Structures are given as structure tokens and as C-alpha cells.
2 protein chains.
Amino acid sequence: MFEEKISELSLATPASFIRAILKTTESSEVISFAGGLPNPISFPKEEIKESTNRVIDEYGSKVFQYSLTAGLRELREYIAEHLNETQGMDVTPDEIIVTTGSQQALDLIGKVFINPGDRIIMEEPAYLGAIQAFSQYRPEMCAITLESDGMDMEKLEEALKESKAKFIYTVPNFQNPSGLTYSGEKRETLHRLSRQYNCILIEDDPYGDLKFDGNPYGYISKGEFEGSILLGTFSKTVTPGMRSGFMVIRNEELRLRINTAKEAADLHSNVFSQYILWDYLTHNDVQQHILKIRELYRKQSNAMIRAMESEFPETVSFTRPEGGMFIWATLPENMIAFELFEKARQENVVFVPGNPFYIDGRAANTMRLNYTNCDEETITEGIRRLAKLIKM
Amino acid sequence: MFEEKISELSLATPASFIRAILKTTESSEVISFAGGLPNPISFPKEEIKESTNRVIDEYGSKVFQYSLTAGLRELREYIAEHLNETQGMDVTPDEIIVTTGSQQALDLIGKVFINPGDRIIMEEPAYLGAIQAFSQYRPEMCAITLESDGMDMEKLEEALKESKAKFIYTVPNFQNPSGLTYSGEKRETLHRLSRQYNCILIEDDPYGDLKFDGNPYGYISKGEFEGSILLGTFSKTVTPGMRSGFMVIRNEELRLRINTAKEAADLHSNVFSQYILWDYLTHNDVQQHILKIRELYRKQSNAMIRAMESEFPETVSFTRPEGGMFIWATLPENMIAFELFEKARQENVVFVPGNPFYIDGRAANTMRLNYTNCDEETITEGIRRLAKLIKM
């Protein structure tokens with residue numbers, strides 16, 4: 001009855017396969033390697049409670065009233081200072097826009113840059129939320145293979161030469177879904193090529209703080225050229241429930257465009273949560289908190305790798321992430337991850353088959369495994385069950 | 001340098017004139033009739049603090065974790081029950097999608113229904129946030145004059161006959177910007193015409209609860225036909241800072257489309273705030289709270305009307321709202337509200353000139369006046385200053 005009412009934009013939007021899986025696996029008996037959920041023991045519950053009480057007492061009505069589209073000034077000041085201190089950048093609060101999670105940043109980017117048929121450059125495999133957000137605006141998605149040290153730079157340069165691209169989208173650290181990280185050399189090449197071809201470089205870094213050892217990698221471009229757009233989020237280090245992310249946009253025109261698109265999208269992000277988040281970040285030893293999460297995830301990652309090494313046949317290969325939340329496994333060529341998924345569901349263990357992360361749905365024999373939301377024992381048991389099915 | 005990068009969609013998006021005004025009038029010396037801000041004394045600060053502490057204690061990590069795109073089940077249950085009790089509807093929680101404020105609902109509607117050139121039907125004058133959100137998707141906006149008792153129904157039927165429209169958008173109660181309310185007769189006609197022409201009817205009702213006397217008006221269609229979409233919000237009765245609104249969509253296909261668009265837009269709305277809001281709504285006498293806001297705004301509205309009656313020349317006419325937040329004034333025909341605005345700003349009093357609410361920018365001699373964010377004395381002083389300038 002209403003089919004004729006639906007827009008081209010809506011028809012072009014795929015529903016998220018992952019969120020569909022998550023709905024069917026809510027039972028507590030299921031071992032889930034499918035989501036990308038932080039470990040709930042990492043949420044700073046008491047500290048957030050204190051911060052809520054404090055900001056209501058100190059700032060009263062401001063915490064409840066309509067606010068600026070770009071976001072709470074104090075929170076933007078904190079973010080700018082933090083980036084400048086830890087990454088040696090020179091960002092000002094005016095160059096930051098607070099977003100309703102990083103997902104909103106992806107949607108705004110799609111809106112502001114993509115006309116139907118425009119070329120954009122993506123990693124392959126790519127982050128599913130970005131594929132979904134950008135697909136709405138019907139670009140020509142040009143997929144560049146992600147090698148163990150980053151995009152295939154020769155293919156990238158060919159693609160940039162061949163036809164003008166609106167932007168390159170990358171998750172350079174512990175990528176979702178592959179767990180892979182760019183090498184220093186490829187970071188430099190990516191930065192250079194973006195400038196050379198005057199192509200906007202979008203660096204999405206949700207996992208950067210979750211590097212298991214040593215100092216986090218910085219943003220590739222450090223916002224050092226006008227076409228640089230950086231995305232960050234508090235979803236993995238504080239809480240995803242508050243949907244708080246940010247964009248750093250150096251170029252004023254681009255920033256105004258994104259700001260107006262955000263105004264039309266939700267006026268501004270939840271300012272009650274922005275106050276609480278800012279208070280939390282400035283009243284607690286956040287670095288210590290993040291170190292604890294890193295240590296937790298390092299152990300969980302190691303547990304999964306150990307289990308895979310001892311249980312999986314040698315025909316299965318997999319990545320060994322330096323941080324973040326995901327391991328990417330490649331099954332023997334004749335094996336179809338979707339079929340394994342159906343069998344695994346019967347055994348109460350789930351993961352995400354790799355196809356949805358490919359723009360053309362190829363790579364039927366790959367799978368994404370999340371290790372952050374189960375304890376070590378559960379991880380070992382889940383991998384054991386999967387191994388049995390793979391060997392069958 | 002980046003002009004060529006900007007999409008048609010972004011180029012079609014006007015920045016909000018109102019938000020631009022608000023930025024320039026933040027000084028406390030300015031008497032502002034320009035915004036649409038709730039009176040800050042109406043925010044339930046202590047109750048929200050209690051609710052925050054309670055939900056963190058009782059629900060722990062759930063309050064902080066990723067959640068469902070459609071919104072917190074408990075909050076959707078509350079909304080469904082409330083609508084069914086107060087409006088005699090038969091809505092289920094599954095028919096509700098929680099949105100990041102009503103503004104997000106408008107953006108999602110534009111996304112899911114409008115192809116460039118599609119006809120949509122709007123009131124004239126119309127809500128600016130809707131003009132902005134829909135404009136992005138480049139519809140043919142067909143403006144139907146808003147008379148004192150609702151849209152001109154003859155013109156509406158002509159427009160529906162002339163060419164298929166995707167939807168009709170209306171704010172039937174104490175409309176923004178006009179303060180006008182639909183009569184019972186026009187409500188029935190609007191409902192009948194929507195069904196007859198199989199046109200989606202979007203009823204946006206942010207102010208319904210703020211009726212000064214007697215019971216609130218219900219939704220026109222009560223969601224009684226498949227093409228009915230209802231919008232509601234907690235921004236005017238609890239807090240706008242949490243950006244919490246909702247949509248009621250009866251048709252399953254339309255609901256799935258909106259849900260997928262929301263998934264791509266921000267995954268889900270802030271669940272921390274949804275828990276707090278739900279707890280607040282179920283642990284307090286909200287009806288009593290709303291009655292207090294109504295009484296406050298009734299007095300403030302009366303103060304503005306009294307001041308206008310005694311200070312403005314008879315050549316100025318204005319609406320007398322039954323509720324909500326706005327009065328709409330029409331200046332003598334040769335007077336230009338933008339010029340008055342510039343002079344008024346010098347005298348530290350601001351309002352919104354009427355043009356931006358007209359799709360073609362006509363009606364240069366109209367203005368929108370908000371009375372909810374000043375006390376009675378300030379309202380009287382502001383109107384006095386305006387009157388002087390009008391008489392000059």
C-alpha cells in the first residue's frame with residue numbers, strides 16, 4: 001500500500017545484519033562473539049552517578065535546556081586540550097563538533113559529500129556502520145583491499161588517478177572488522193596521497209585508546225591539512241549508552257556544512273549527558289581507567305588467540321590484533337561462514353560472517369570474532385564449540 | 001577549495017535563522033522573545049537526580065550499554081499506555097520508535113519519503129525545523145494557508161487532486177509559529193482527506209500538553225489509519241536537554257524503513273537518558289508537574305496579550321493562543337519585520353521576523369513572539385519597547 005511512498009534513499013539503505021543477529025541472540029545461554037559491545041564491568045557507574053549529582057547542583061537549568069549545535073563548549077575544550085597534549089595537535093574547540101555517537105558523524109559525512117554516483121574510497125573489508133550510512137546516498141564505493149599493514153597503496157593511487165573521489169574513509173587502528181593496523185610507512189603514504197589528490201581523508205579512530213601495549217597511535221594526518229576530518233568517540237572508553245562522539249574539522253566551510261546538517265538532524269546532541277561526560281573526564285583519572293580496560297581486553301584477546309591456536313585446524317588463519325575489539329578469521333576456501341553460523345547458532349555460539357563487510361558481499365569464508373564481551377573461560381568454551389563444527 | 005565536494009543535499013539545506021539569532025542574543029541584558037525555550041524554572045532537577053541514582057543502582061550496566069534502535073522497551077511501554085489512556089488509542093510498544101528529539105523524526109521522515117521533486121504539503125506559515133529538515137531532500141513544497149481554525153481545506157483538496165503528495169505535515173495544536181489551533185470540523189476534514197487520497201498524515205504535537213484550560217486535544221487521526229504518523233516529545237514538559245521524542249507508526253513497512261534510517265543515523269538514542277526519563281515518568285506525579293507549567297505559561301501569555309493590547313497600535317493584529325509557546329503578530333502592511341528586528345536589537349529586545357516560516361519568504365510584516373522564557377514584568381517591558389519602535 002505504501003511502497004510507492006518510499007524514497008530512493010531509503011531503498012538504498014541496507015538494514016544492519018549485525019543488529020539483526022544481536023536481536024536473536026539475547027538469551028544468556030548464547031556465547032556471543034557477534035557484537036562489538038564493551039565489557040560491562042568497564043563502565044564507571046559510581047563515578048557517573050557522582051558527576052550527575054555534581055553537574056545538576058552546580059549548573060542547574062543549563063544541564064536541561066536547549067544548547068549549541070556544535071556541542072557543550074566545556075566538553076569541546078576538554079577534547080581539544082586532550083588531542084593537543086596526547087597527539088601534539090593544535091586543534092581549537094571551534095574546530096570540534098560533538099555528535100550523537102560516531103554513527104551520526106558517518107551519516108552527516110554521507111549527507112554533506114555524496115551525490116548519487118560519486119566515488120568514495122573504502123577499505124575492504126570495511127566497517128559495516130559506514131557502509132550502511134554511506135550507502136543511503138548511493139555513491140560508487142571503490143573498495144581497496146586491506147593488507148596486513150593497511151590499504152594496498154598502489155591500488156589506492158590508481159583509484160585516485162582514475163577518477164576523482166570525494167573522500168577516503170579509513171579506520172587505521174585495530175580496524176573493525178579485521179583487527180588490522182596501518183604501518184608507519186602506509187600512514188605516511190596515505191597522508192601524502194590524500195593531499196596530492198586533494199581528497200578528503202576521514203580517519204575514524206574509535207579503538208585508538210585500546211592499544212594493548214605502549215602509547216596509542218596518533219591520527220595519520222593529525223588534522224594537518226584542510227581536507228582532514230577526524231572522528232572520535234567515548235563509546236569504547238566511557239559508555240556507548242550516552243551516544244557521545246566528536247568530529248574534528250579544520251576547514252571552516254566543511255565545518256559549517258556539517259554543522260547545518262547536524263542542526264537539521266537533531267538540533268544538538270544530548271546536553272545533559274555532555275555535562276556529565278565532561279565532569280567525569282575532568283574529575284577522574286581517566287588514563288588509569290583506560291589502562292584497566294586495555295589490560296582486560298589484552299587478556300581476553302590472548303585467551304581467544306590461545307584457544308584458536310590450540311583448537312582450530314591449521315587451515316584456518318586469523319589476525320592477531322595489537323588492540324581494539326576484533327579478530328578476523330579466514331576459513332578454508334570451500335567453507336562458507338554463513339553455513340557455519342547457522343550450525344553454530346544451534347550450539348549456542350554466534351559470530352558475524354564476513355560477507356556483509358565486503359561491498360560486493362564476497363569473501364564467504366571469513367568471519368569476525370569479538371572478544372571484549374565474554375570472560376576468558378567463556379571465550380575458550382566458545383572457540384572449542386566452533387572448532388568442533390569447523391572440523392566436522 | 002572544497003566547494004566542489006559539497007552534495008546537492010547539503011546545498012539545499014538552509015541554516016536555521018532562529019539559531020543564528022539566538023547566538024547573537026546570549027547577553028543577559030537582551031529581552032528575548034526569539035527562542036522557543038521552556039522556562040528553566042520548570043525543569044524537575046531534583047527528581048531527575050533521584051531517578052539517575054535509582055536507575056544506576058537498579059539496572060547497572062544496562063543503563064550504559066548499547067541498546068535497541070527502536071528505544072528502551074520500558075519507555076515505549078509507558079508511552080503506549082499513556083496514549084491509550086489519555087487519547088483512547090490502541091497503540092502497542094512495537095509501534096513506537098524513540099527519537100533523538102522530534103527534529104530527528106523530521107529528518108528521518110524526509111529521508112524515507114522524499115525524492116527530489118516529490119510534492120509534500122505544508123502549512124503556511126510552517127514550523128522552521130520541518131522546513132529545514134525536509135528542504136534537504138528537495139521536495140516540491142506545496143504551502144496551504146493556515147487560517148485561524150486550521151489549513152484552508154478547499155485549497156488542500158485542490159492540491160491533493162492536482163498531483164499526488166507524499167505526505168501532509170501539520171502541527172494542529174498551538175502551532176509553531178502561529179499559535180493557532182485546528183477546529184473540530186477541520187480536524188475531521190483533514191483526517192477524511194488524508195484517507196481519501198491515501199496521503200500519509202504526519203501530526204507533530206509538541207505543545208498538546210500545554211493547553212491552558214481543559215483537557216488536551218488528541219491526535220487528529222488517533223493513528224486510526226495505516227498512513228498515520230504521530231510525533232511527540234518530552235522537550236516541552238520534562239527537558240529538551242535530553243533530546244527525547246517519539247514516533248507512532250502503525251504501518252509495519254513504514255516503521256521498518258524509519259527504523260533502518262534511524263540505525264544509520266545514530267544506532268539508537270541515548271539509553272542512559274531513556275532510563276532516567278522512564279524512571280522519572282513512572283515515579284512522579286507528572287500530571288501535576290504539567291499543570292504547573294500550563295499555569296505558568298497561561299499567565300505569561302496573558303501578560304504578553306495584555307501588554308500588546310494596551311501598548312501596540314490598533315493596526316497590529318495578533319493571535320490569542322489556547323496553549324503552547326507562541327503568539328503571531330501581523331504589523332501594518334507597509335512595515336517590514338526585519339527592519340523592526342534590526343531596530344529592536346538596538347533596544348535589547350528580539351523576536352523572530354515571520355519570513356523564514358514562509359516557504360517563499362513572503363509575509364514581510366509578520367513576527368513570532370515567544371512568551372515562555374521571560375517573567376511577566378520582563379514581557380511587559382519588552383512589548384513596551386517594541387511598541388515604541390512600531391509607533392515611530
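A salt bridge is here a side-chain nitrogen of Lys or Arg within 4 Å of a carboxyl oxygen of Asp or Glu. The model is predicted, so that local features need pLDDT of at least 70 and side-chain atom pairs count only at pLDDT 80 or more, while totals for chains, interfaces and linings use all residues. Residues are numbered from 1 along each chain as its sequence is written, chains are lettered from A in the order in which they are written, and side-chain values use heavy atoms, with hydrogens and water left out.

**Exercise 1. The interface**

Solution. 

Step 1. Begin with contact, meaning heavy atoms within 4.5 Å: 87 residues of chain B are in contact with 87 residues of chain A.

Step 2. Turn to the buried area, which is the accessible area (1.4 Å probe) that two parts lose on being put together, summed over both; for chain B and chain A this comes to about 7,300 Å², with 55% of it on carbon and sulfur atoms.

Step 3. Look for charged pairs, since side chains of opposite charge can pair when their charged atoms come close.

**Exercise 2. Nonpolar cores**

Task: Which residues have the most contacts inside the largest nonpolar core?

Solution. 

Step 1. In the largest core, which has 162 residues, the residues with the most contacts are Phe33(A), Phe134(A), Phe33(B) and Phe134(B). A second, separate core has 66 residues, among them Leu83(A), Val271(B), Ile276(B) and Leu281(B).

**Exercise 3. Salt bridges within a chain**

Task: For the salt bridges of Lys49(A), Glu95(B) and Arg320(B), find the partner and the place of each pair.

Solution. 

Step 1. Lys49(A) pairs with Glu46(A), the closest N and O atoms being 3.4 Å apart. Because the two residues are 3 residues apart in helix α3 of chain A, about one helical turn separates them; Lys49(A) counts as buried at 12% relative accessibility, whereas Glu46(A), at 47%, is partly exposed.

Step 2. Glu95(B) pairs with Arg250(B) at 3.2 Å between the closest N and O atoms. This pair links distant parts of the chain, 155 residues apart, with Glu95(B) in the loop between α4 (73-87) and β2 (96-100) and Arg250(B) in the loop between β9 (244-249) and α9 of chain B. Glu95(B) is buried at 12% relative accessibility, and Arg250(B) is buried at 15%.

Step 3. Arg320(B) pairs with Glu309(B), and their closest N and O atoms are 2.9 Å apart. Since Arg320(B) lies in the loop between β10 (317-318) and β11 (326-330) of chain B and Glu309(B) in helix α11 (residues 286-311), the pair ties together parts 11 residues apart in sequence.

**Exercise 4. Backbone details**

Solution. 

Step 1. The cis peptide bond joins Glu124(A) and Pro125(A), with omega of about 5°, and Pro125(A) is in the loop between β3 (119-124) and α6 (128-135) of chain A.

Step 2. Asn348(A) has a positive phi of about 60° although it is not a glycine. Asn348(A) is found in the loop between α12 (337-346) and β12 (349-350) of chain A, and is partly exposed with a relative accessible area of 26%.

Technical notes:
Core = buried A, V, L, I, M, F, W, Y, C linked by side-chain atoms within 4.5 Å. Buried < 20%, exposed > 50% of the residue type's maximum accessible area, 1.4 Å probe, protein only. Helix = DSSP H or I, 4+ residues; strand = E, 2+ residues; numbered from the N terminus.
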